[in-house]
Amino acid sequence: MRINFVITGLDVGGAEQMLAHIATGLTSRGHAARVFSLLPPPDRSGVVDQIQHAGIAITFGNATSLRHAHRLQKALRRWLNETPADLTQSFMFHANVMTGLVIDDAHRMIAGLRVADPSRLRRWIERRYLRRCDGLTCVSSAVASFATERLDVPTSKCHVITNGVDVVRFQNAKPLDWTQFGLPRHKDVTLYVGRLHPQKNLDLLWQHIDQIAPADGNRMLVLIGDGPQRAQWLSRRNQIGPDRVAVLPWMPDVACAYQGAKVLVLASHFEGMANVVLEAMASGRPVVCSDVEGCRDLVGHDPNQYFAAGDGHAMVDRLNAFWCDANLATQTGRENQKHVASKFSITKMVDGYEQLYINLGSVRK
């Protein structure tokens, strides 16, 4: 099959990594893929390199603001029409909207919903353009429910295909030596990986910082990532001391960080299916995450690993169980690793997309 992929950008993030796995996986099976990114080439080239190494062409729309919307619309329409394809798959909000805006009845479109964002304006916009799609891939059952209930997408058009993870890569990573960042050697690390953004409810971690990283204790909180709250967290680190809180920049490979941590924490207000949870589980680590979209799909087998969103006391209770019981942490990590290996492999994810594309692409409009 000939498949177009349209995505908002190709910086290193969960959706971007999954697109790279899907596009390269399908190419290795004999399908033809090409990619259109609305944004310019990113500073961090990991995903771009992975895609181009597989011989997949990438076109960049080079849009950086709404001022470029008209030009971008023309460029994407021209790109879609220059080489006929069996179908076009879009990923992420802006790509869904732009593809829905320009695609015509001669093209078959599958949109991709990867997060259940409750914003009214965003829902109103996306609802309008998702009407054009022939199918909608959803990363979790909760996201599919969100699509039918909040975006008015018919159930028949929703297809749940969960994310996948390379378990071997994360399992075999060497533990990160935290001292290279000037951190104490013998502290138990509670790790957060991701955007430093209000969606992630990092304020909940700060509200309970005396339990997560007590003064003169053996525990510390390490945050890895960038975002609008980075300066705030650097100020907080300076306030209580770098032996309790560390704020590290984005890393090209976080597998070693999971291996160097005691437990992963994620307190998000909403998600779709958090790749960091998948990755920590693949690394053989326990996780403590809020019970939001997609997280139950990942850790529903173990209620000790999730808590009601916003319930900081429950979060601390779950974390405390792993802090105080090394055997429980080890056993939970092993079970997590087995769980994702059997249910959330990259091969299984690519199988899902390939079968969906075959089914929808075989019936022309």
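**Aromatic pairs, buried residues and helix packing**

The count of aromatic pairs comes to 7, where rings of Phe, Tyr and Trp (its six-membered ring) pair if their centres lie within 6.5 Å, with planes under 30 degrees apart called stacked, over 60 edge-to-face and the rest tilted. One of them joins Phe5 and Phe91, and this pair is tilted because the ring centres are 6.3 Å apart and the planes sit at 35°. It ties together distant parts of the chain, with Phe5 in strand β1 (residues 2–7) and Phe91 in strand β4 (residues 87–91), 86 residues apart. Strands here (E, at least two residues) and helices (H or I, at least four) are DSSP runs, numbered from the N terminus. Phe5 and Phe91 are both buried, which is to say under 20% relative accessible area, while exposed means over 50% and partly exposed lies in between (1.4 Å probe, protein chains only). Phe5 and Phe91 also belong to one aromatic cluster with Tyr353 and Tyr357.

All of this comes from a predicted model, in which local features need pLDDT of at least 70 and side-chain atom pairs count only at pLDDT 80 or more, while totals for chains, interfaces and linings use all residues. Residues are numbered from 1 along each chain as its sequence is written, and side-chain values use heavy atoms, leaving out hydrogens and water.

What about the tryptophans? Trp206 and Trp233 make an edge-to-face pair, 5.8 Å centre to centre with 85° between the planes. This pair, too, links distant parts of the chain: Trp206 is in helix α8 (residues 202–207) and Trp233 in helix α10 (residues 230–240), 27 residues apart. Trp233 has a relative accessible area of 0%, so it counts as buried. Arg236 lies over the face of Trp233, 4.8 Å from the ring centre; a charge sits over a ring if NZ of Lys or CZ of Arg is within 6 Å of the ring centre and within 35 degrees of the ring normal. Arg34 does likewise with Trp79, at 3.8 Å from the ring centre.

Two buried polar residues come next. Ser37 lies in strand β2 (residues 32–37) and is buried because its relative accessibility is 0%. A polar atom of its side chain lies 3.1 Å from the backbone oxygen of Leu39. Leaving aside residues up to four places away in sequence, Ser37 touches Ile7, Thr8, Gly9, Leu10, Thr59, Phe60, Gly61 and Asn62, contact being heavy atoms within 4.5 Å. Asp86, in the loop between α3 (69–82) and β4, has a relative accessible area of 17% and so is buried as well. A polar atom of the Asp86 side chain lies 2.7 Å from the backbone nitrogen of Arg2.

As for cysteines, the structure holds 0 disulfides, a disulfide being a pair of cysteine sulfur atoms within 2.5 Å. The sulfur of Cys158 has its closest cysteine sulfur in Cys138, but at 4.5 Å that is too far for a bond. Cys158 is buried, with a relative accessible area of 15%.

In α4 (93–102), 8 of its 10 residues are buried, so the helix is mostly covered. Those buried residues are Phe93, Ala95, Asn96, Val97, Met98, Thr99, Gly100 and Val102, and they pack against β1, α3, β4, β5 and α5. Helix α5 (residues 120–130) has Arg123, Glu126, Arg127, Tyr129 and Leu130 as its buried residues. Their cover includes α4, β5 (109–113), β6 (135–138) and α6 (141–150).

Definitions and conventions
A polar contact is a pair of N or O atoms within 3.5 Å; within protein, one must be able to donate a hydrogen and the other to accept it, and residues adjacent in sequence count only if both atoms are side-chain atoms.
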